[in-house]
Amino acid sequence: MSTTLIEITSKQRNSNSWEEPFFINMGPQHPSTHGVLRLVLELEGETIVHCDPRIGYLHRGVEKLAENLNYNQTVVLSDRLDYIASAANNVAFCLAFEKLFGLEVPRRAKLLRTIVGEMARISSHLLWLATHALDIGAMTVFLYCFRDREWLLNIFEKICGARLTHSYVRVGGVRLDFTQEIIDELYKFTEEFPNRILEYETLIDVNRIWLKRTIDIAVVTAEKAINLGLTGPVLRGSGVPYDVRKFRPYDAYSEVEFEVPVGERGDTYDRYKVRMKELRQSNWIIRQCLDKLAETKGEPVLAEGAPDLLIPEKIKEPEPKPHPKKGFIFTGKEVDVVPPGEAFASIESPKGELAVYVVSDGSNKPWRLRIRTPSFVHISAIPELSRGYMIADLIAIIGTLDVVLGDCDR
Amino acid sequence: MEELYKEINERFSKFLLKLEEKDCPVITVKREGFLDFIEFLKDFGFKHLIDLCGVDYLNYKPEKKEERFEVVYHLYNFEKRALIRVKVPIPESDCWQYSLTFLWETSNWFERECWDMFGIKFKGHPDLRRLLMPEDWEGFPLRKDYPLYLEEDKEWKGYKELKRKTKGEHS
């Protein structure tokens, strides 16, 4: 069934009675749909009867492209998925590939990955808070959040030279080590940031308009949330303490302490509270990792058997013993570069559970790369969450789910 | 997990094709007994459907795979903290699979995407139409015999029309 805008309007024009359902088209160019999300709404007055999200406006075919690029080039594609927190995407891809290759990442690289992952979480949550508050009508929070996000992006620029698409994490470790300047700057940031969180909270925590717009909006019970496949802060807002960092620890999360905040009622306000608590936890994790970095000073940040940036299609097997004069002797037998098989890795990205499933046929390119992104699942839940609410609440619902369309359409 | 293996071997030995231990338990079942099997897994505690995707094994046949397609499910158990992978082979000539929308609402869009990309039909799906590609797109892009770049005369007609229009304005 296809409903274009022309069909919708002609349906309305031809209808005889005003009680007919009223169709409205929201997006794809709409400031509060966070990208190019199009929603076809069926309304009764101002109440939503049915909502049909149309996605695919940002579909770049990352899964198809990845089948034609080698493993290290694929990591660069992952930056373009959730471009707000690209460091987290890099980690998910690399974890899956390392599982496939059988690589063990050095401890210092694990710590560095954890730090950039949590920095990505903070910057993503700050952007979420800024735009969510702006959608609902609080302009000041937007400016405060962007001020602090700018600080983080500047640190990112010092780390790897890029502000948005980092590609800092690579298969087998990370690209570069931190300099002392970055560590000092991060210490300063973690010292100051808890005060900044207090600033945001004084602005909106007990703000009457904020409370009226968020409390008891889009309530999801725990059971419903699991059935809808929601993950991340949205699921935790409903009281389910599922966090991949605790349930299947990766990188250095098993050696740091942190709490998993959960909500009670499962409404928009609870999800806001959960994310604010997460900001503090992330800050604390970065702090612990920085302390641990001092213990591992000077250690390598890349695993020994890490593949080169340009992985050859097939390699010739070297002789077991190097020749005294000619270096290595290569026999004629060709062997696989990558062990054939399959691997699955998932991480707790700022928006939810990001899972990567990779099938390898032994060549330097993945045979199949599947990316399960949180935004995709969250948008699929909008019809269920928005039923019976007003159009104005729909803006709050899109905001509270924290979707990025680059993540959704892939 | 021992209990799980025992129950599976007892109750589903007819439909079980393979039970392996890789990075997580991997269970390959026949399509015929799939619905009962997945319902049993959900009752057993695998309540979180992480992912559902299709894989096309056109020229690559590891472990003597006979069928061209495979639908792969990843399930998670919150209490036991266990991950499980379920695979169902789908032949090319009879390309369909049972829908799980009556068990998980989240499988709705996963299945739509799988249909969109691989052309695997899902029986019992309430609203099976294209998701990421335009509705009048021809072919299934993630199949291995679908090229990365389309020839010019095979391009999507919406794009052709757009090119025609812009050319007309400039000349």
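# Exercises on a predicted two-chain model

Helix α15 (residues 391–401) of chain A is mostly covered, with eight of its 11 residues buried. A residue is buried if 20 or more other C-beta atoms, placed from the backbone, lie within 10 Å of its own; it is exposed if 12 or fewer do, and partly exposed in between. Helices (H or I, at least four residues) and strands (E, at least two) are DSSP runs, numbered from the N terminus.

This is a predicted model, in which local features need pLDDT of at least 70 and side-chain atom pairs count only at pLDDT 80 or more, while totals for chains, interfaces and linings use all residues. Residues are numbered from 1 along each chain as its sequence is written, and chains are lettered from A and ligands numbered from 1 in the order in which they are written.

**Exercise 1. Name the buried residues of α15(A) and the residue that follows the helix.**

Step 1. The buried residues are Asp393(A), Leu394(A), Ile395(A), Ala396(A), Ile398(A), Gly399(A), Thr400(A) and Leu401(A).
Step 2. After α15(A) comes Asp402(A), with a positive phi near 60 degrees.

**Exercise 2. Describe the overall build of chain A.**

Step 1. Chain A has 16 helices and 10 strands.
Step 2. Its radius of gyration, 24 Å, is close to the 22 Å that the globule rule gives for 410 residues, so chain A is as compact as a globular protein of that length. The radius is taken over C-alpha atoms, and the rule is 2.2 Å times the number of residues to the power 0.38.
Step 3. Of the 410 residues in chain A, 48% are buried.

**Exercise 3. Describe how β8(A) pairs with β9(A).**

Step 1. The two strands are antiparallel and share nine bridges; strands pair if DSSP finds at least two bridges between them.
Step 2. Two residues lie between β8(A) and β9(A) in this hairpin.
Step 3. Gly341(A) stands opposite Ser360(A) in β9(A).
Step 4. β8(A) is mostly covered, eight of its nine residues being buried.

**Exercise 4. Which elements give two or more residues to the side of chain A that touches chain B?**

Step 1. The contact involves 33 residues from chain A and 28 residues from chain B. Residues are in contact if their C-beta atoms, placed from the backbone, lie within 7 Å.
Step 2. The elements are α2 (62–66), α9 (222–227), β8 (341–349), β9 (352–360), β10 (366–372) and α13 (374–380) of chain A.

**Exercise 5. Work out the strand order of the open five-stranded sheet in chain B and find its edges.**

Step 1. The order is β1-β2-β5-β4-β3, with mixed pairing.
Step 2. β1 (16–21) and β3 of chain B each have a single partner strand, so one side of each is left without a neighbour in the sheet.
Step 3. Within the sheet, β4(B) runs antiparallel to β5 (residues 82–90) of chain B, joined by nine bridges. Leu75(B) is opposite Ile84(B) in β5(B).

**Exercise 6. Why is α3(B) largely enclosed by the rest of the structure?**

Step 1. Helix α3 (residues 107–118) of chain B has 12 residues.
Step 2. The helix is largely enclosed because 12 of its 12 residues are buried. Among them are Trp109(B), Phe110(B) and Trp115(B).
Step 3. The buried residues pack against α13 of chain A, together with β3 (48–56), β4 (69–77) and β7 (121–123) of chain B.
Step 4. The residue after α3(B) is Gly119(B), which has a positive phi near 75 degrees.

How values were computed: Contact = placed C-beta atoms within 7 Å. Expected span 1.5 Å × (residues − 1).
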